[in-house]
Amino acid sequence: MLPSIELVESEPSTDEVLTRSQAANALGLSPNTVSKLLDSRFLRDLQATRVLTLARAPHVSVVQGVLPVLRTAAAAPPSDEDDDRDFIGDSPDLTDEQFLRASRQWWRCEPETIVAVGVLPVAVAGWVTGVLAIHGHDGTQHRGRGEVRHSFTATVAGRVGALDAPETFRVLATDRAVADLTGRLLGARVHTAVSGGPIAYLKAQPDVRENA
C-alpha cells in the first residue's frame, strides 16, 4: 500500500550561513560583487536571513524625470596622492562628514542635471546606502586628456547603517520633499542604472502605449 504524503515548502534556517556563490545566486550578483558588499560592511555577513532581506529590497523605477546615481565601492583611501579626501566610497563606519566629502566630489558627470534634480543617491553594489541633497555646482577640475570632473555643494540627506536593518536607516534632510524621497530610496536597489562612469542615470521608460 502506497503511503500518503504531503509536500511542505522548505524555509531557510535563520542560522544558515550561505556561501558567496549561494548569496550571489540569491541576489543576482557575481561573487565578486558580494565580496564588495561584505567589504563595505553594509552586509555584515552571509547569514541567510540577511541575504534574503537584501534580495527582497524594492527596485527603484523612475516614473518621471531622471535620477542620477553615484555607484561606488567600499570606503578606502584614494589612490591618487593629490586627492585630499580621507576616503572614496561608502561604509557605515564613515562619519557623516567623511561620507559627504567622499561623495560630493570629484566626478565625471552632467552637473546641470544633478543640480536640477537636487539629490544624488549613493549606491554600493546596486543598493542605496546614502543620499546627498545637492544645493549647487561647487567647482570643476580639468585633468589630463581633456577629462573634466565636478564637485557640488551638498548636505547629507540620509544614510544606511546595515542594509538588512531598516531601523538603522537615518533620514537627515529637513526639506519635506527631499526627506520623503530619501526615505524611499534608502536600502532600495538601483542596479539597472547604467553608464560608462561612476555616475549613472535612471530615466523614465517611454510609455509603449504612445507608440502603439
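Two strands count as paired if DSSP finds at least two bridges between them. Helices (H or I, at least four residues) and strands (E, at least two) are DSSP runs, numbered from the N terminus. The structure is a predicted model, in which local features need pLDDT of at least 70 and side-chain atom pairs count only at pLDDT 80 or more, while totals for chains, interfaces and linings use all residues. Residues are numbered from 1 along each chain as its sequence is written, and side-chain values use heavy atoms, with hydrogens and water left out.

The chain holds six helices and six strands. From the N terminus on, their order is α-α-α-β-α-α-β-β-β-β-α-β. Buried residues make up 43% of the 212 residues. Here buried means under 20% relative accessible area, exposed means over 50%, and partly exposed lies in between (1.4 Å probe, protein chains only). The accessible surface of the chain comes to about 12,100 Å², and carbon and sulfur atoms account for 49% of this surface. Accessible areas come from the Shrake-Rupley method with a 1.4 Å probe; for residues, only the protein chains shown count as cover. Contact means heavy atoms within 4.5 Å. Among contacts between residues at least 6 apart in sequence, 63% join residues at least 24 apart.

Strands of a sheet pair through backbone hydrogen bonds, either parallel or antiparallel. Strand 2 (residues 119-124) and strand 3 (residues 127-142) run antiparallel and are joined by six bridges. Within this pair, V119 has A133 of strand 3 as its bridge partner. Strand 3 also runs antiparallel to strand 4 (residues 148-159), with eleven bridges between them. Here L132 stands opposite V156. Strand 3 and strand 4 form a hairpin with five residues between them. In its turn, R145 has a positive phi of about 60°. Two bridges then join strand 4 to strand 5, again in an antiparallel pair. R159 faces R170 of strand 5 across this pair.

A nonpolar core is a set of buried Ala, Val, Leu, Ile, Met, Phe, Trp, Tyr and Cys residues joined through side-chain atoms within 4.5 Å. The largest such core has 38 residues. L37, L67 and W127 have the most contacts inside it. Two or more residues each come from helix 1 (20-27), helix 2 (31-40), helix 3 (48-55), strand 1 (66-72), strand 2, strand 3 and helix 6 (176-185). Strand 3 gives the most to this core, with four residues. Leaving aside neighbours within four places in sequence, L67 is in contact with V60, V62, V119, P121, L185, A200, Y201 and L202. Another core, of 15 residues, lies apart from the largest one. L70, L100, W107 and I199 are among its residues.

The largest pocket has a volume of about 360 Å³. On a 1 Å grid over the protein atoms alone, a pocket is an open set of points where a 1.4 Å probe fits, with protein on both sides within 12 Å along at least five of seven lines. Lining residues have an atom within 4 Å of a point. Grid points are joined across faces, edges and corners, and a volume is the space filled by probe spheres set on the points. The largest pocket is lined by 17 residues, of which V60, S61, L181, R184 and L185 are the closest to its centre. Strand 1 and helix 6 each supply at least two lining residues. Helix 6 gives the largest share, four residues.

Helix 6 also contains T182. T182 is buried, with a relative accessible area of 0%. Not counting residues up to four places away in sequence, T182 touches V131, A157, G158 and V171.

Some backbone angles stand out. Most residues other than glycine have a negative phi, and most peptide bonds are trans. R41, in the loop between helix 2 and helix 3, has a positive phi of about 75°. R41 is partly exposed, at 47% relative accessibility. A125, in the loop between strand 2 and strand 3, has a positive phi of about 60°. A125 is buried, with a relative accessible area of 13%. A cis peptide bond joins Q105 and W106, with omega about -25°. W106 is found in the loop between helix 4 (96-103) and helix 5 (111-117).
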